[in-house]
Amino acid sequence: MDNYWSTLVQGPKTLDYTRELRFNDERRGCFIKALGLQPGMSIVDLGCGPGTLTRKISKWLSHDATLMGIDRDSAFIEYASKEAQKQGINNITYIQGDILKIPLPSDSVDACISHTVIEHVPNREFLLEQQRICKSGGTVSVMSSRPEKSIVSTPISAPDAQMSVREQELWKPIHEIWSKKDSSRGIGSYAIEPSLLPMLFEELGFIHIEVDAITLPVVLDNSSTPIEQKLRMVEMDRQQAIEGLEIGLNQLDEEYEHAGEIRLLIHQRYDKRRDLVIGQKRVWDYQIYMLFVVRGMKP
Ligand SMILES: C[S@@+](CC[C@H](N)C(=O)[O-])C[C@H]1O[C@@H](n2cnc3c(N)ncnc32)[C@H](O)[C@@H]1O
């Protein structure tokens with residue numbers, strides 16, 4: 001099945017939104033430096049999902065680059081193409097294809113990039129394919145995140161805007177089915193220990209290997225964020241939670257007797273969170289994602 005990600009993990013719209021928040025324009029310099037990007041380059045984003053990063057990079061390089069996004073999921077490719085068109089960006093091509101058999105000629109691009117993809121595919125094959133399509137002197141950069149090492153605040157000032165013990169209990173069977181199905185589909189199965197990735201780059205003959213990091217804070221309560229944007233964040237979080245629930249419910253073998261209750265609890269939680277935003281009461285429920293980035297050059 002070529003569109004399992006968009007139907008069984010996360011849909012294009014909510015994935016795009018979470019990435020919009022993470023690939024904040026203020027982080028432009030960090031991305032450009034860690035990925036070694038420059039205007040005029042040809043750049044391929046492998047496993048591009050809804051295309052958020054390609055559109056950002058296009059903007060960050062003043063649209064002076066040739067960009068390609070490749071993903072096997074047709075819903076992502078369709079969404080990414082439409083979004084680029086809608087935003088008037090015409091230097092990105094999206095191609096449906098397998099990143100372990102990249103549909104591009106050898107020695108044809110200046111930079112290969114990927115964000116949270118290596119953990120889902122055999123690492124060596126993935127790097128070798130990128131090495132093949134890179135020109136001599138071109139670079140391969142891999143960005144990977146460690147969810148368990150993110151900083152997640154645990155606000156206590158507004159308990160009813162946080163997940164209750166009852167809701168956590170009701171999520172348990174859904175999380176169980178997710179992790180069972182995820183591992184059977186290889187999702188997350190290839191996550192690599194951070195020291196082993198640069199070693200693999202070395203072993204495969206890359207040169208000028210660099211390890212870097214990018215932190216991506218997602219903080220609803222920041223003073224500089226306009227209230228409309230805060231409300232949109234709450235609504236997108238709600239949509240993501242409901243989407244995750246429905247995806248999980250569809251994978252259970254039988255009907256879940258608590259489906260109605262869990263939906264209600266999600267809505268009550270986000271209604272409360274929305275009311276707090278409207279009442280200008282800050283909770284400081286935030287998350288800081290950590291990316292480690294490994295970059296190497298093809299000799
Ligand atoms: C965690 S998502 C990341 C998407 C995107 N890079 C982002 O950060 O928004 C992983 C992506 O890799 C894609 N993917 C996984 N294995 C693939 C393969 N063999 N060929 C092409 N795409 C693949 C999935 O379809 C999905 O879009």
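**View 1. Charged side chains and overall form of the predicted chain.** The chain carries 35 positive and 42 negative side chains, and the centres of the two sets lie 3 Å apart. Lys and Arg count as positive and Asp and Glu as negative, while His and the chain ends are not counted. Each charge is placed at NZ of Lys, CZ of Arg, CG of Asp or CD of Glu. This is a predicted model, in which local features need pLDDT of at least 70, side-chain atom pairs count only at pLDDT 80 or more, and totals for chains, interfaces and linings use all residues. Residues are numbered from 1 along each chain as its sequence is written, and side-chain values use heavy atoms, with hydrogens and water left out. The chain has 10 helices and 8 strands; these are DSSP runs numbered from the N terminus, helices being H or I of at least four residues and strands E of at least two. The C-alpha trace spans about 55 × 45 × 35 Å along its principal axes. The radius of gyration of the chain is 20 Å, which agrees with the value near 19 Å that a compact globule of 299 residues would have. That radius is taken over C-alpha atoms, and the globule rule is 2.2 Å times the number of residues to the power 0.38.

**View 2. Surface and interior of the chain.** About 14,500 Å² of the chain is accessible surface, and 52% of this belongs to carbon and sulfur atoms. Accessible areas come from the Shrake-Rupley method with a 1.4 Å probe; for residues, only the protein chains shown count as cover. Of the 299 residues, 50% are buried (buried, under 20% relative accessible area; exposed, over 50%; partly exposed, in between; 1.4 Å probe, protein chains only). Of the contacts (heavy atoms within 4.5 Å) between residues at least 6 apart in sequence, 84% join residues at least 24 apart.

**View 3. Helix α8 and its cover.** Helix α8 comprises residues 196-203, with L197, P198, L200 and F201 buried. Seen down the axis of α8, these buried residues fall within an arc of 155 degrees, so they line one face of the helix. The arc is that of the directions from the helix axis to the C-beta atoms. Exposed residues E202 and E203 are on the face of α8 turned away from its buried side. The cover over the buried residues of α8 includes α6 (123-133), β5 (134-145), β7 (207-219) and β8 (286-297). Just after α8, G205 has a positive phi of about 95 degrees.

View 4. V294 is located in strand β8 and counts as buried at 0% relative accessibility. Leaving aside neighbours within four places in sequence, V294 is in contact with V140, S141, V142, L197, P198, F201, I209, E210 and V211.

**View 5. Helix α3 and its packing.** In α3 (residues 28-35), the residues F31, I32, A34 and L35 are buried. The buried residues of α3 pack against α4 (52-60), β4 (109-115), β5, β7 and β8. G36 follows α3 and has a positive phi, near 60 degrees.

View 6. T116, a residue other than glycine, has a positive phi near 50 degrees. T116 is found in the loop between β4 and α6 and counts as buried at 13% relative accessibility. H208, also a residue other than glycine, has a positive phi near 50 degrees. H208 is in strand β7 and counts as exposed at 56% relative accessibility.
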